Amino acid sequence: MEAASCAPAARPSLTSISSGELRSLWTCDCELALLPLAQLLRLQPGAFQLRGDQLVVPGPGEPAAARGGFNVFGDGLVRLDGQLYRLSSYIKRYVELTNYCDYKDYRETILSKPMLFFINVQTKKDPSKERTYAFLVNTRHPKIRRQIEQGMDMVISSVIGESYRLQFDFQEAVKNFFPPGNEVVNGENLSFAYEFKADALFDFFYWLGLSNSTVNVHGKVLNLSSTSPEKKETIKLFLEKMSEPLIRRSSFSDRKFSVTSRGSIDEVFNCNLSPRSSMTEPLLAELPFPSVLESEETPNQCI
């Protein structure tokens with residue numbers, strides 16, 4: 001009995017979900033999730049469509065985007081079943097920000113919807129058998145949102161007006177999820193980063209590469225792979241619930257960036273994180289961040 005209790009927990013199967021993993025349609029049960037990309041395309045035809053050699057994601061101005069969806073991170077291409085597809089309306093995994101307005105828009109955009117990344121997995125027994133997975137990050141889950149927000153807050157507090165680079169990485173969580181004998185061949189796709197270039201006279205730490213930080217985001221990975229029609233319907237409803245438009249039930253200032261943050265973006269930039277009440281201030285408007293979205297939309301100027 002003691003030997004059994006000390007044995008490491010078995011990793012979940014990638015062929016189907018168990019009733020103990022997807023317990024309900026409540027998205028608060030999901031921090032991170034994985035499912036085959038082909039399955040995601042079938043379950044979410046309104047959010048993703050294959051058109052020729054292009055994987056189409058609704059852009060900010062399209063009607064489908066108003067119904068929710070995902071923030072897709074990538075480098076412009078995704079490989080599915082050995083074929084390359086071009087991505088539309090995605091957020092670059094690496095962006096440069098040069099002013100406060102861009103930073104605000106970027107921060108609000110990446111936290112406004114669940115994040116989605118594409119990865120390819122091979123088996124060591126047969127490397128020719130490669131499968132493409134969609135990795136989902138539930139940015140509305142308090143644990144996940146807290147890690148992202150605190151990472152952004154801490155780096156600003158430490159550099160005090162200087163340039164810096166911040167990266168968020170999910171590789172550890174995903175690699176620990178897959179059973180032995182499976183290998184993620186493009187693990188770098190499980191990260192995104194931004195570089196803020198301040199107009200500082202002397203950026204010694206930045207020039208020396210000492211202002212680079214990485215936040216390894218941790219969380220429980222939910223397995224959404226299934227071959228059961230009944231479970232697929234449950235997963236479909238779950239994904240629709242996760243990606244539906246965010247409705248804020250409380251009032252917050254247009255300077256506020258989340259429910260869980262301790263202060264406004266202005267206060268973070270000024271290294272002032274003291275609590276402040278703003279329950280009587282107007283709602284925060286959700287605006288896309290056009291300078292990092294790859295689409296044909298004309299960027300709007302930030303006022």
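This is a predicted model: local features need pLDDT of at least 70, side-chain atom pairs count only at pLDDT 80 or more; totals for chains, interfaces and linings use all residues.

Student: What makes Asp-75 buried or exposed?

Tutor: Asp-75 has a relative accessible area of 52%. The label exposed requires over 50%, so Asp-75 is exposed.

Student: How do you know which kind of contact joins the side chains of Arg-93 and Asp-75?

Tutor: The N to O distance is 3.1 Å. A salt bridge needs a side-chain nitrogen of Lys or Arg within 4 Å of a carboxyl oxygen of Asp or Glu, so this pair is a salt bridge. Arg-93 lies in the loop between strand 7 and strand 8, and Asp-75 in the loop between strand 4 and strand 5, so the pair ties together parts 18 residues apart in sequence.

Student: How many salt bridges does a search of the whole structure find?

Tutor: The search finds eight. One of them joins Lys-143 and Glu-31, at 3.6 Å from N to O. Lys-143 is in helix 5 and Glu-31 in the loop between helix 1 and strand 1, 112 residues apart.

Student: Why does Lys-143 count as it does, at 34% relative accessibility?

Tutor: The value falls between the cut-offs of 20% and 50%, so Lys-143 counts as partly exposed. Glu-31, at 13%, counts as buried.

Student: Which residue forms a salt bridge with Arg-107?

Tutor: Asp-153 does, with the closest N and O atoms 2.9 Å apart. The pair links helix 4 to helix 5 across 46 residues of sequence. Arg-107 and Asp-153 are both buried.

Student: What makes helix 4 mostly covered?

Tutor: Nine of its eleven residues are buried. Among them are Asp-102, Tyr-103 and Ile-110. At the start of helix 4, a side-chain oxygen of Asn-99 comes within 3.1 Å of the backbone nitrogen of Cys-101.

Student: In what order do the four strands of the open sheet run?

Tutor: The order is 2-3-6-5, with mixed pairing. Strand 2 and strand 5 are at the edges because each has a single partner strand, which leaves one side of each without a neighbour in the sheet.

Student: How do strand 2 and strand 3 pair?

Tutor: They pair in the antiparallel sense over three bridges. Two strands pair if there are at least two bridges between them, so three bridges meet that condition. Gln-54 in strand 3 is the bridge partner of Arg-51.

How values were computed. Residues are numbered from 1 along each chain as its sequence is written. Side-chain values use heavy atoms; hydrogens and water are left out. Buried means under 20% relative accessible area, exposed over 50%, partly exposed in between (1.4 Å probe, protein chains only). Helices (H or I, at least four residues) and strands (E, at least two) are DSSP runs, numbered from the N terminus. A polar contact is a pair of N or O atoms within 3.5 Å; within protein, one must be able to donate a hydrogen and the other to accept it, and residues adjacent in sequence count only if both atoms are side-chain atoms.
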